[in-house]
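Try each task before you read its solution.

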Amino acid sequence: MATFTFPKDFLWGTASASYQIEGAWNEDGKSESVWDRFSHTPGKIKKGDTGDVACDFYHRYESDIALMSDLGLNAARISLSWPRIMPDGKGAVNQKGLDFYDRVVDALLKRNIQPWVTLYHWDLPQALEDAGGWPNRDLAEYFRDYAAVVVDSLGDRVKHWMAFNEPWIFTILGYLTGIHAPGRREPLAAMKATHTVNIAQGLAIRALRESRNTPTAVGTAFSMSPVHPSTGSLEDRAAAQRWHQFYNMWFLDPVMRGEYPQAYVEGSFGNHVDIRPGDLETIKAPLDFIGINLYTRAVVAHDPHDRNIGVKQERPGGEEVTDFGWEVYPPALSEMILKIAHDYPSLPLYVTENGCSYGDAPGPDGKLNDQRRVSFLRRFIGEVARAMQSGADVRGYFLWTFTDNFEWAEGFRQRFGIVYCDFETQDRFVKESGHWYSRLARTGALDFDPAE
């Protein structure tokens, strides 16, 4: 084993999403979101779970933040609920919603925890979905206006912002596969949604920077996975490159370079979606940092039946999987970090999500010895160290997640937290992984196997 010591100013935090933890789904002027509607629709969420209460963070934020401080964390990724702040998605502002986030930010700062705020983590106001959702170009301007409202309110204290969390996931899983809210299966609408979101990203980043409360840094948290071809054939290797362009770069290259990657088998994105004059100039708003959300790798093969991307995903052959069924493949993280560091060498990087689902429960003594998660974290964070040793400018790691929470279409079945949440009593139990992460956050010293 070797010991790697992270820089003293390295950020150690956790990441969360408003709908997954807050609850209070219809309190204090908050309107219905697409996830409220989706989770209240029979058959959409396993076991009929909803985020109506979730972790009750809306009422318990002070004690949860105190526990973050007790564990020695110095940063926290949170997201804002658009329908809590602007119930119609545009126009009138709900002051009680803004006041809640004022209190959360103040509570974090009181504990010397840096707030890193994401404007949008998937809970679109249902009123805007009723008007067409993300395929409707008008949403880009509504999102810009929402960004301006929140940065004017919170930007005197919040200095690190992210426009979106995983835009590929909420557009493709929400509008193409339908497994996430709003549950639509409309290929053309999904592609239109990606373009609207890219426009919205450019507009929102400008709104943040033009505020009287100048931010320190603005970025986005992108879902990413290194892409491996199923075989060494030319067809599979070409498919892997196309999937990398579509999955990893579809929202990064446009904001950084003002252009879409070449991912289509025939033609270009412009053959499928109306890209109007000036769109690419609006979309280009180079980021101050890149957030990488990563859980595993992707393995793909050429699919001659898919006339768009020409790719089919395959199940990796790894024997170790999480309770979610995701392959545990630690080198994925260093591989992805180094790839992005090579493509964008001037930008600092943050691991804005990484974690694993294991369903361990507390014993009679209230202790929870989740060694599988400890092993996962040690190996994946070891890959962060390996990437830094190779020259990558990584400045922080946000573990997904603090408390077990509402895991979208999986309901409460999948537990990603380093703190166990009893959803009946709302009691919290720090898992062994939480104590392990606490020691790492306090010391910055990681023991890992450099040969793995």
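**Exercise 1.** By class, how many nonpolar, polar and charged residues does the lining of the largest cavity have?

*Solution.* Keep in mind that this is a predicted model. Start with the search of the whole structure, which finds five cavities of 30 Å³ or more. The largest cavity holds about 90 Å³ of space. Next, list its lining: T14, A15, S16, I21, F57, D64, M68, R77, T401, F402 and T403. Of the elements, α3 gives the most, with three residues. Finally, sort the lining by class: five residues are nonpolar, four are polar and two are charged.

**Exercise 2.** Find the rings of F6 and W12 and work out why the pair is edge-to-face.

*Solution.* The structure has 55 aromatic pairs in total. For F6 and W12, the ring centres lie 4.9 Å apart and the planes meet at 80°, so the pair is edge-to-face; the cut-off for that class is over 60 degrees.

**Exercise 3.** Which residues do ring pairs link into a cluster?

*Solution.* Trace the cluster through Y19, W35, F38, W122, F406, W408, F412 and F423.

**Exercise 4.** Over the ring of which residue does the charged end of R297 sit?

*Solution.* Look at Y329: the charged end of R297 is 4.3 Å from its ring centre. For another case, turn to R84, which lies over the face of F100 at 5.8 Å from the ring centre.

Methods. Residues are numbered from 1 along each chain as its sequence is written. This is a predicted model: local features need pLDDT of at least 70, side-chain atom pairs count only at pLDDT 80 or more; totals for chains, interfaces and linings use all residues. Side-chain values use heavy atoms; hydrogens and water are left out. On a 1 Å grid over the protein atoms alone, a cavity is a set of points where a 1.4 Å probe fits but cannot get out, and a pocket is an open set with protein on both sides within 12 Å along at least five of seven lines; lining residues have an atom within 4 Å of a point. Grid points are joined across faces, edges and corners, and a volume is the space filled by probe spheres set on the points. Helices (H or I, at least four residues) and strands (E, at least two) are DSSP runs, numbered from the N terminus. Ala, Val, Leu, Ile, Met, Phe, Trp, Tyr, Cys and Pro count as nonpolar, Asp, Glu, Lys and Arg as charged, and the others, Gly among them, as polar. Rings of Phe, Tyr and Trp (its six-membered ring) pair if their centres lie within 6.5 Å; planes under 30 degrees apart count as stacked, over 60 as edge-to-face and the rest as tilted. A charge sits over a ring if NZ of Lys or CZ of Arg is within 6 Å of the ring centre and within 35 degrees of the ring normal.
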